[in-house]
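Subject: Structure handover

Hello,

Here is the structure for you to look over. My notes follow below it.

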Amino acid sequence: MTDKTVEPAATRAGGSAGGGARRDGFRSKRGFILACIGSAVGMGNIWLFPARVSAYGGATFILPYLIFVLLIGSTGVIGEMSFGRAMRGGPIKAFGAATLRRFGTRTPGEAVGLLPVVSSLCMAIGYTVVVGWIFKYTFDAFTGTLASMQGLDMFAGQFEHVSEQNALWQCVAAISATAILVFGVSRGIERANDVMMPLFFLLFVGLALYVATLPGASAGYAYVFKLDPAGLADPTVWVFALGQAFFSLSIAGNGTLIYGSYLGDDENVPQSAAFVALFDTIAALLAALVIIPAMASVGQQLSKGGPGLLFIYLPELFSTMPGGPVIMAVFFVAVLFGGLSSLINFFEAPIATLQERLGLDRTKATFVVGATVLVASLAIAGIVSGWMDFCSIYLCPIGALIAAVMFFWVCGKDFCLLQVNKGRRTPLGGWFYPLAKYVFCGATLAVLVLGSILGGIG
């Protein structure tokens, strides 16, 4: 991965984020890629992917998942990055520019562009609750509170208490994200991810190496890499692999699009998208290679996903291991980096929208969004599970579908190919546009429909 300087898009375009100020941007290719990896790496990699691998047969699930990651990474991720760069703005500005090109009016595009912004804000609200939990557990791991607990009932009781009374740590989560974002893209988002993402991978690699030394861990590895050809005939495996890949890559018409808007025309977007898909997949596999063998080492089978896995079953499991207090501390620090990097991505689209639409400067826009997220997160803490389900089942897929239709259908083939091929020495092959226009858009629609029917697949 090279680290060449990337000139902010608005520097050449003469763009402004409001108030006549020159628009911020990523300083380097490395910084942009790490920020996008940070937006993709989150709870889906840590508390859902290992559970799905366990439930659907190890490599029998991983193989379809990799196929869908390849599809989405080579179409949807490229599309959202390129769309944002082309229009030099967030969803409202980008969608409005798309309908202006095609229909001569911004109004319909700007109207539907509001939905991905609202979706990003709603995800930020729900994620603040979750990151608040992670902050609390990280603190408890370092103070020894978690290490002093014994038995599943104590850990379950601790999580019930934290999920009901955690206002302080939700404030810490919201304030931490606001403190990073107030410095902007290059000095805030980029610098934070330059630290958090390498440490996230380093800590998880260390955990994976430690788990490999545990007696009985080999049974976990055997399960992870076991491929059952008969299992591949089960459509359920493919449905949930599609949902996992879709949400893991953070495709929602907001975060990836807004990060792309900070790129210059010299950036090779397809190459960057490939790095993001690769490292997001590595993060998911690392989580599986820590959690599943760790469960196997004590003769347990992973049967729980979601918050229960992260805040009840894993802490209880780690507490029984040699060096349990250290393992818990390392684990929750790594999880904190993954959660916080995703949280700041959810903040960015609403912040950029306030800058674009109301002309607020970066500081004012960040504090407005930060205060809104904090107040709302405190209000919905008791219903956060249902809140996040609504966002992931409906809002995120709808935003992704609208963005895909706007870029691949409304903007048209010539404009689309011009944008995705900027910064490349050789254009993408003839496979790209039909695959993106028909297969990716169809897959996005499938995620929305199937998720609505099944109550969520990601």
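Which residues have the most contacts inside the largest nonpolar core? They are Phe-83, Phe-204 and Phe-331, in a core of 155 residues. A nonpolar core here is a set of buried Ala, Val, Leu, Ile, Met, Phe, Trp, Tyr and Cys residues joined through side-chain atoms within 4.5 Å. Buried means under 20% relative accessible area, exposed over 50%, and partly exposed in between (1.4 Å probe, protein chains only). Helix α16 (residues 324-358) gives the most to this core, with 18 residues. Helices (H or I, at least four residues) and strands (E, at least two) are DSSP runs, numbered from the N terminus.

This is a predicted model: local features need pLDDT of at least 70, side-chain atom pairs count only at pLDDT 80 or more, and totals for chains, interfaces and linings use all residues. Residues are numbered from 1 along each chain as its sequence is written, and side-chain values use heavy atoms, with hydrogens and water left out.

Confidence: pLDDT, the predictor's confidence in each residue from 0 to 100, averages 90 for the protein. At least 70 is reached by 95% of the residues. Over residues 1-20, pLDDT stays under 50.

Phe-204 touches Ile-46, Leu-286, Ala-287, Val-290, Phe-331 and Ala-334, leaving out residues up to four places away in sequence. Contact means heavy atoms within 4.5 Å.

Helix α10 covers residues 184-212. Its 29 residues should span 42 Å at 1.5 Å a residue, and the end C-alpha atoms are 40 Å apart, which agrees. The expected span is 1.5 Å times one less than the number of residues. A kink of about 25° lies at Asp-194, shortly before Pro-198. The bend is the angle between axes fitted to the seven residues ending there and the seven starting there.

Cysteines next. There are 0 disulfides, a disulfide being a pair of cysteine sulfur atoms within 2.5 Å. For Cys-36, the nearest cysteine sulfur is that of Cys-396, 16 Å away. Cys-36 is buried, at 2% relative accessible area.

Two backbone points. Most residues other than glycine have a negative phi. Arg-88 has a positive phi, near 55°. Arg-88 sits in the loop between α5 (76-87) and α6 (91-103), and is buried at 16%. Ser-250 has a positive phi of about 60°. Ser-250 lies between α12 (235-248) and α13 (255-260), and counts as buried at 13%.

Best wishes
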